[in-house]
Amino acid sequence: MIPSNDLLRQYTMYKHEYDSKAIEVLQSGYYILGKEVTAFEAEFAAYVGAPHCAGVASGLDALTIALKCLNVEFGDEVILPSNTYIATVLAVSACGATPIFAEPDEYYNIDTKLIGKLITPRTKVILSVNLYGQSCDMKSLRAVCDENDLFLVEDCAQSHGSLFEEKPTPYFSDISCYSFYPSKNLGAFSDAGALVSGDEELIKKAKVIRNYGSEKRYHNEMIGMNSRLSEMQAGLLRVKLSHIDELTAQRASLAGRYLKEINNPLITLPSVRENATDVHHLFVVRTERRDDFVGYMQERDIHILIHYPIPPHLSGAYAHLGYSTGAFPIAEHYANTVATLPLFNGMTENEQTVVINAANDWR
Ligand SMILES: *Cc1c(COP(=O)(O)O)cnc(C)c1O
């Protein structure tokens with residue numbers, strides 16, 4: 001069986017370091033917002049090239065807190081891609097604001113050319129997503145935001161370390177949000193997340209919101225939440241972060257081999273925008289006979305996932321927005337044709353050969 005992912009392998013890779021860090025944290029007697037969190041925030045900020053970082057409890061919380069830091073509220077509109085994981089949209093809803101969908105381009109990211117006509121006096125934020133690991137056209141997004149006095153928030157849950165024009169994507173944004181869900185490129189061993197920014201005041205505010213709205217204990221200055229990053233997860237993330245370049249390089253070499261060796265004309269391989277980099281969170285191909293392809297691979301014990309089968313505007317959660325099939329045809333077409341090939345840290349050369357041969361044999 002070839003799994004779509006195997007989290008045990010990435011643990012095994014640095015098992016001794018994780019084990020000794022876990023014991024160190026257990027024996028420290030300090031479990032929430034301590035020195036591991038502070039150290040991780042500094043190290044992660046340095047890695048993604050943003051001066052300030054706040055660790056939080058999940059990627060969804062990072063997005064929600066980012067929007068709250070920018071005072072996004074009921075009556076505001078947030079422009080975001082029509083093909084994304086639903087958490088991006090949930091963050092907008094958590095602030096009471098309205099999601100405004102923009103169709104994706106051929107790289108699966110928000111098509112910046114379509115944004116202009118969606119901007120209204122209520123628009124406050126563009127919330128871009130670097131889907132599957134590839135940077136959006138960050139320069140154009142920044143320009144649209146500057147011209148229209150909007151904030152740029154990035155959902156980087158799939159793009160730890162991605163660059164645009166050789167700069168880390170947070171260079172272009174007001175706030176960038178990360179998830180450390182176990183299967184992400186930088187995955188913890190439970191839920192975890194972070195937001196980074198060049199604006200120290202925004203990150204100070206994020207740290208207040210994550211801790212019940214209080215800076216000083218029992219002095220609650222705003223309506224906050226409990227979204228703290230645990231010492232255990234921060235400690236374990238520090239171990240993984242120290243190996244992130246090796247982990248990303250391994251993903252790149254797996255992706256490179258798929259790109260070179262899959263040559264079935266029925267399968268469309270992913271491509272990368274000029275000046276953008278891809279950290280290969282997910283290797284997503286497209287085919288018109290997707291369900292047949294998935295079934296064929298399944299018969300050969302190769303596990304294929306779909307990211308994502310239902311675009312948010314057609315999900316039950318957003319039925320109240322009143323969209324029906326055909327509202328966002330590009331996102332819907334992607335939802336009906338995408339398939340994710342297995343690509344994960346610790347995947348063996350033999351396993352990949354099996355996937356490549358099966359994909360090439362499919363007719
Ligand atoms: C994983 C993910 C999230 C949510 O992160 P969690 O840590 O699971 O809350 C948000 N957006 C995208 C694009 C994701 O892939």
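Colleague: In this predicted model, does Tyr18 count as buried or exposed?
Modeller: The relative accessibility of Tyr18 is 2%. The cut-off for burial is under 20% relative accessible area. Tyr18 therefore counts as buried.

Colleague: How many aromatic pairs does the model contain?
Modeller: Rings of Phe, Tyr and Trp pair if their centres lie within 6.5 Å. By this rule, the count of aromatic pairs is 19.

Colleague: What is the geometry of the pair that Tyr18 and Phe189 form?
Modeller: The centres of the two rings are 4.8 Å apart, and the angle between their planes is 65°. Planes over 60 degrees apart define one class of pair, so Tyr18 and Phe189 are edge-to-face.

Colleague: How many residues apart in sequence are the parts that this pair ties together?
Modeller: Tyr18 belongs to helix H2 (residues 15-28). Phe189 lies in the loop between strand E8 (175-179) and strand E9 (193-197). The pair therefore ties together parts whose separation in sequence, in residues, is 171.

Colleague: Over the ring of which residue does the charged end of Arg300 sit?
Modeller: The charged end of Arg300 is 3.7 Å from the centre of the ring in question. That ring belongs to Tyr296.

Notes: Residues numbered from 1 in each chain as written. Predicted model: local features only at pLDDT ≥ 70, side-chain atom pairs only at ≥ 80, totals over all residues. Heavy atoms only, no water. Phe/Tyr/Trp six-rings, centres within 6.5 Å; stacked < 30°, edge-to-face > 60°. Helix = DSSP H or I, 4+ residues; strand = E, 2+ residues; numbered from the N terminus. Buried < 20%, exposed > 50% of the residue type's maximum accessible area, 1.4 Å probe, protein only. Lys NZ or Arg CZ within 6 Å of the ring centre and 35° of its normal.
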